[in-house]
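Let's take a walk through this model together, one region at a time. Please keep the sequence and the 3D view side by side as you read.

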Amino acid sequence: MPRLHHLLAAGAASVVLTTGAFAQPADDTIVVGLSADINTLDPSAIASRDNSNIARHIFGTLFTMGGDGVARPELANTLEISEDGMAYVYTLNEGLTCHDGEALTPEDAAYSFNRAADPENAFTGNTPGFVFSSIDFQSAEALDDLRVQINLGAPNPIAFGLIAEVFIHCMDSYEAMSLDEASGNPIGSGPYRLAEWRRGSEVVLEAVEGADVGFQNIIWRIIPEASTRSAELMAGNVDIITNVAPDQMEVINASGVAEVNPIQGTRRMYVGFNLSDTMAQEPGGDAIQDPAVRRALQYAVDVPTICRQLLNFECERMTGIVNPPNANPNIEPYPYDPETAERLLDEAGWPRGDDGTRFSIRFQAGQGRYLNDANVVQAIAQYLSDVGLDVELDIMEWSSVYIPLIRERNAGPLYFIGSGGALWSPLYDMTDLATVDAGTNYTHWDDPRWFDRWADIAAAESEEEVRTIVDEMLQVFYDDGPWLHLYFQPDFYGVSNRIDWTPRPDEKVYLFNATLN
């Protein structure tokens, strides 16, 4: 049996119909109930989707990627790429203004990139840890009154989409603040500004003057308990909730005031094998250094049953890091086959001892961020225990305890996480592992058969050549990679009948165009 080190209360099996003393939203206000808290509004430190969703309403971007994978102008109106693919020149719209009242200029845009990359700031958020490592960011510079240039170290066929994720903020205000001050005082360039942040409770945004948005106010309410989120939705106190628990869908749909909008998401859920030298000294950390052990454990977990029984949907198991439309079509998912798992573990030199145990290992996870996550990780721990592992399951508070471990790449030796994905390019999904030192390489995996191939992609002369390299890399990832493959998370949003809003498949909860019904 897995040993439970620390477990916060799991989701209730039924909806608790008592609600807090919240008033129903006014016609100019939309309220969103989130399952997990946020920990910063500094654009360069943000590392989670919930956090990013709030910040995206405060900060504009040069271009924006639609849910359809099409890049569209936002703060900039044109993009020119140099012949060598190393310089991206954006022309800003005229008349842009920062929330501090100052004009938003190319200097501000360049500063937004360079500040995130400054080693003295030691940022570990998505911009430096994912975007910059993926595009080999070198520098940004203002060319004139309207143009800013982003310089790369090597050509990258999806750099335009990655640059579109960098939040643009305002130099004078940030230069006057410490990093601690900047964490809670965002000075942005988007259609909303921060009105109030009650940590652990709610974030209130208000539209800037003249913004073309559907609601003047957005309230993001932190409601960790799934049954409470559902009750608040049906009471009319909340308009949208994330992570509707599977056992609460029917009652919401029968309420007459709201319904569940299901959508197949692009977030890749996996158990990571932390292969760092430090983790190799931990119990079980030495075992998972061997690809044969990692491969054996793929057969130990019954992923379709987890999906069906705990998530209320039928899934096909992931074959790797890339979403299905762009995955290697020649790879079949690992089947659930505990006998094969046991045989391979024996062959790898980890037989059961007299007590039936092969080796002990710690398995860490956060709670409340993903769909029914506490129950999912308990099921995974039990499956691993069934093939002889002595699993110490450590379930933690998400925002202040688990996320710092993830950002520092110190979770493990086994850890549970989901990584946001996309449908518009396999390379987007793969850039979690763009370099060995990438902030999103939480596993410390360093296989040259993967990492050396990025140079080949940059030098490829056709889409067909890129596709061939991608498929070869995905085969390596499947055979010897650092993830125990799980599923692409479905997203279940509870949406009030009061609201006209359509969810996206990439978990980007954007409310710019939401309106009253």
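Is S173 buried or exposed? Its relative accessible area is 16%, so S173 is buried, the cut-off being under 20%.

Before going further, a word on confidence. This is a predicted model, with an average pLDDT of 92 for the protein and 96% of the residues scoring at least 70. Residues 6-21 have a pLDDT below 50, although this stretch has 40 contacts in the model beyond near neighbours in sequence. Where pLDDT is low, the predicted coordinates should not be read in detail.

Now turn to the sheet. Four strands form an open sheet in the order β5-β6-β8-β7, and their pairing is antiparallel. At the edges you will find β5 (76-81) and β7 (137-142), each of which pairs on one side only. From one strand to the next, the twist averages 20 degrees. Strands of a sheet pair through backbone hydrogen bonds, either parallel or antiparallel. Here, β6 (residues 87-92) and β8 (residues 147-152) pair in the antiparallel sense over five bridges. To find your bearings in this pair, look for Y90, which stands opposite V148 in β8.

Stay with β8 for a moment, as N151 is also found in this strand. At 13% relative accessibility, N151 falls under the 20% limit and therefore counts as buried. Which side chains make polar contacts with that of N151? One is the side chain of E141, joined to N151 by a polar contact of 3.0 Å. Another is the side chain of Q149, at 2.6 Å. Beyond its neighbours within four places in sequence, N151 is in contact with M86, A87, D136, F137, Q138, S139 and E141.

Next, look at what lies across the sheet. Helix α2 (residues 106-117) lies across β6, β7 and β8, and runs at about 155 degrees to β7. Helix α3 (residues 126-135) meets α2: their axes come within 9 Å and cross at roughly 100 degrees. An angle of 65 to 115 degrees counts as roughly perpendicular, so that is how α2 and α3 stand to each other. In this meeting, F113, A116 and A117 come from α2, while T127, P128 and F132 come from α3.

Helix α3 also holds G129. With a relative accessible area of 9%, G129 is buried. Which residues is G129 in contact with, once neighbours within four places in sequence are left aside? They are A438, G439 and T440. G129 and A438 are 309 residues apart along the chain, yet their C-alpha atoms are separated by 5.6 Å.

Our last stop is helix α9 (residues 291-298), whose buried residues are V293, R294, A296, L297 and Q298. At the start of α9, look for D290: one of its side-chain oxygens reaches to within 2.9 Å of the backbone nitrogen of A292.

Conventions: Residues are numbered from 1 along each chain as its sequence is written. This is a predicted model: local features need pLDDT of at least 70, side-chain atom pairs count only at pLDDT 80 or more; totals for chains, interfaces and linings use all residues. Side-chain values use heavy atoms; hydrogens and water are left out. Two strands pair if DSSP finds at least two bridges between them. Helices (H or I, at least four residues) and strands (E, at least two) are DSSP runs, numbered from the N terminus. Axes are lines fitted to C-alpha atoms, for helices over the stretch in contact, and angles run from 0 to 180 degrees between N-to-C directions. Contact means heavy atoms within 4.5 Å. Buried means under 20% relative accessible area, exposed over 50%, partly exposed in between (1.4 Å probe, protein chains only). A polar contact is a pair of N or O atoms within 3.5 Å; within protein, one must be able to donate a hydrogen and the other to accept it, and residues adjacent in sequence count only if both atoms are side-chain atoms. pLDDT is the predictor's confidence in each residue, from 0 to 100. Angles under 35 degrees count as roughly parallel, over 145 as roughly antiparallel, 65 to 115 as roughly perpendicular and the rest as oblique.
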